[in-house]
Amino acid sequence: MKISTITWADLARVKKAAKAAKAAFPDLTYMQRLDAIAAAEYGVRHFHELQKRYDAQAVSHVDVDGGAHHCRFCSYTFDGALPADIKAHGERHKHFEEAQAVLGFVPMPYKEREQIKRTGYEWMHSSDPGTQRRGALVVLLSHFERSMGRAVDGGRWHKHPYLTEYLAYALPGAAFIPESIRQRLAKEFGEQSGVIAAGTTDWPSQATVNLSRSASDAVASTRLRENLSQEAKAAAEASIPG
């Protein structure tokens with residue numbers, strides 16, 4: 001019996017299992033199979049109770065300020081009195097849960113992206129080549145986070161490159177990076193032009209590039225993302241007057 005957090009993936013798995021159980025239990029309706037599986041695996045009375053537990057957990061991430069509701073998990077602000085807004089939040093929240101289960105992280109919200117981006121630009125003005133490199137990568141990471149966030153919201157995160165591969169496509173148009181640093185990064189991560197349009201940083205929704213998305217890319221990207229974000233956040237927090 002599971003007593004852990006209920007996720008959207010759990011609900012989807014129970015629904016899939018209930019459909020698959022039709023042949024084994026032809027005398028039970030789909031809802032009866034749903035209830036039976038939910039009860040057996042989660043100790044609830046029926047599937048509706050499992051659904052309510054999930055809804056309660058989703059709501060627990062929401063802060064309310066007057067009429068404005070803001071979800072800390074999926075970074076969505078909506079009107080809690082409008083059914084259409086509530087539904088839109090539910091869909092976005094599910095997309096972010098699904099992506100987190102596979103990617104291992106949730107894209108940074110706007111405030112965090114801007115925070116690390118400012119640190120990145122400061123580091124790029126350093127006289128130390130290593131700090132310059134790190135600063136350029138942090139700025140590019142902020143662009144990656146925004147791009148990935150939009151891809152997750154659109155349900156197309158699985159077509160978005162991992163960070164290390166994204167860098168190769170972002171570097172050709174990264175005119176904000178001093179050329180000497182940009183060339184150094186291009187040698188390190190590669191350079192693929194003609195996909196991300198000049199003046200933009202988002203991965204195109206209609207891109208037809210065959211991405212590798214290999215396990216090694218995933219591991220390297222996660223490690224690079226964690227190292228860069230942790231260093232930038234620590235530096236930003238240290239710069240705040242005590």
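Colleagues, the model is a predicted one, in which local features need pLDDT of at least 70 and side-chain atom pairs count only at pLDDT 80 or more, while totals for chains, interfaces and linings use all residues. Residues are numbered from 1 along each chain as its sequence is written, and side-chain values use heavy atoms, with hydrogens and water left out.

I begin with the empty space. Rolling a probe the size of a water molecule over the atoms shows where such space is left. The search uses a 1 Å grid over the protein atoms alone: a cavity is a set of points where a 1.4 Å probe fits but cannot get out, and a pocket is an open set with protein on both sides within 12 Å along at least five of seven lines. Lining residues have an atom within 4 Å of a point. Grid points are joined across faces, edges and corners, and a volume is the space filled by probe spheres set on the points.

The largest pocket holds about 290 Å³. Its lining has 16 residues, and A58, V59, I86, H89 and G90 are the closest to the centre. Helices here are DSSP runs of H or I with at least four residues, numbered from the N terminus. Both α3 (47-59) and α4 (83-103) supply at least two residues of this lining, and α4 gives the most, with seven. For the classes, Ala, Val, Leu, Ile, Met, Phe, Trp, Tyr, Cys and Pro count as nonpolar, Asp, Glu, Lys and Arg as charged, and the others, Gly among them, as polar. In the largest pocket that gives six nonpolar, six polar and four charged residues.

The second largest pocket has about 230 Å³ of space. Of its 15 lining residues, S75, R92, M108, Y110 and R113 lie nearest the centre. Helices α4, α5 (110-124) and α6 (129-153) each supply at least two residues to it, with the largest share, five residues, from α6. Its lining has six nonpolar, three polar and six charged residues.

What of enclosed space? One cavity of 30 Å³ or more is counted, and the largest cavity has a volume of about 40 Å³. Its lining consists of Y169, A170, G173, I196, A197, A198, G199 and T200; five of these residues are nonpolar, three polar and none charged.

I turn now to the aromatic rings. Rings of Phe, Tyr and Trp (its six-membered ring) pair if their centres lie within 6.5 Å; planes under 30 degrees apart count as stacked, over 60 as edge-to-face and the rest as tilted. By this rule there are four aromatic pairs. In one of them, the ring centres of F144 and Y166 are 5.5 Å apart and the planes stand at 65°, so the pair is edge-to-face. F144 belongs to helix α6 and Y166 to helix α7 (residues 163-170), 22 residues apart, and the pair thus links distant parts of the chain. Buried means under 20% relative accessible area with a 1.4 Å probe, protein chains only. F144 is buried at 2%, and Y166 is buried at 0%.

Y169 and W203 also form an edge-to-face pair, at 5.0 Å centre to centre and 80° between the planes. Y169 lies in helix α7, and W203 in the loop between α8 (179-189) and α9 (215-238), 34 residues apart. Both Y169 and W203 are buried.

Finally, a charge sits over a ring if NZ of Lys or CZ of Arg is within 6 Å of the ring centre and within 35 degrees of the ring normal. R134 places its charged end over the ring of W123, 4.6 Å from the centre, and R213 lies over the face of Y162, at 4.3 Å from the ring centre.

Note on methods. Buried means under 20% relative accessible area, exposed over 50%, partly exposed in between (1.4 Å probe, protein chains only).
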